[in-house]
Amino acid sequence: MTTFDRYLLGRYWHVFGVGFLATVGLFVVFDGFTNIDAFQDRSGGASTLGVLGRMGQFYGYQSLMMFELVGPILTVISTMVVFALLHKNRELNPMLSAGVPTFRLVIPMLIGTLMVNGLLMLNQELLLPAVSDELLKPIGSASQDVQRVSMRRDFSSNIEISGEGLLLAERKLVRPEFQLPAPEISAEVRALRGDYAVYHRRTKHRPAGWRLTNSAPTLSELRLTDAGRKVVLPLENPDDVFVVTDISSDQLSGSAVSYRYQSTWELVERLRSPTFSALNSRSQVLHLHERMTRPLSNLLAVCLAVPLVLRRESFSIITNLAVCVGVMLCLLALAQACNYFGRINWIPLDLAAWLPIIISGGLLAWFSDRVQT
């Protein structure tokens, strides 16, 4: 890497950092003023410093999700700004006069984009799963606050799961209720209740499911079918039972996009389970495709920005930036439209994920000979 490459890469990171801090700052200001009452109401009479501390903790976790959302966009914006500054400061002409091709200057941008993609993967696979409980909490609530429960059905066994409250940090249901269907699981429809239930993830020796404490009725009072005995399991304490299901605590929180906070391995495990509805499964499969194609999509967008910003037939940098922004917005709208059509089963999921990349690659090949040389 040459001195000029390091110079461009430094500018790239400077623009990226300023853009990210500005985006997070605007989000904190607008969202904080909008939801200040929620923080005060759920602070339990805490002081102003206590409320500000809770707000800082909440938006600290939200900044990880903001990086996931705006990181790919900022890679393109940083490239556009760097090349616009090169054009404005007349630093491009000496390089071109020295015989350096324009696309050679893209290499630092691609290196920066690859580094951002690595940070995005680290954020998606490690950081977001570690703080998913915090991201799913209502605004202003603490970890020990009981949240509302959204009823969910396990489509593999038709068991409906609900409760009076949910502690996400402890993966615990307060006063849980498991509706056992007939005749699949039980000879008659029964509601299996308990004092509380704790979710246990899958291990080598045990399936995933909920452990009910002080179940009512007890296991001996249930008239289970053969399939029901594989779902409702006895434990060492006769008053406790274990209900096998892949419906976890985050799915009972009411968030329709909780799978976005899971690692890729956990998402693949979910897709292998017949627990979820067809619509929910399609959304998760499409999100998995998007994760796989995002690095390539970011690289193509960065390469496409160069011939649009440094167009040979136009020397107005404002016009070039406007054209580049317009093209990028059209590609973003295309990606959102493909996402929507894929979720409602109008087009295949793999086509919904790859069509924006195919079109971006075609536009890059079309505009590549129009770059300033």
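What is the volume of the largest pocket? It is about 1,200 Å³. A pocket is an open set of points on a 1 Å grid over the protein atoms alone, where a 1.4 Å probe fits, with protein on both sides within 12 Å along at least five of seven lines; lining residues have an atom within 4 Å of a point. A volume is the space filled by probe spheres set on the points, which are joined across faces, edges and corners.

The model is predicted: local features need pLDDT of at least 70 and side-chain atom pairs pLDDT 80 or more, while totals for chains, interfaces and linings use all residues. Residues are numbered from 1 along each chain, and side-chain values use heavy atoms, without hydrogens and water.

Of the 33 residues that line the largest pocket, those closest to its centre are Pro 72, Ser 297, Leu 332, Ala 335 and Gln 336. The second largest pocket holds about 520 Å³ and has 21 lining residues.

Ser 263 counts as buried (under 20% relative accessible area, with a 1.4 Å probe and protein chains only), because its relative accessibility is 11%. Arg 312 has 43% relative accessibility and therefore counts as partly exposed, the range between buried and exposed (over 50%).
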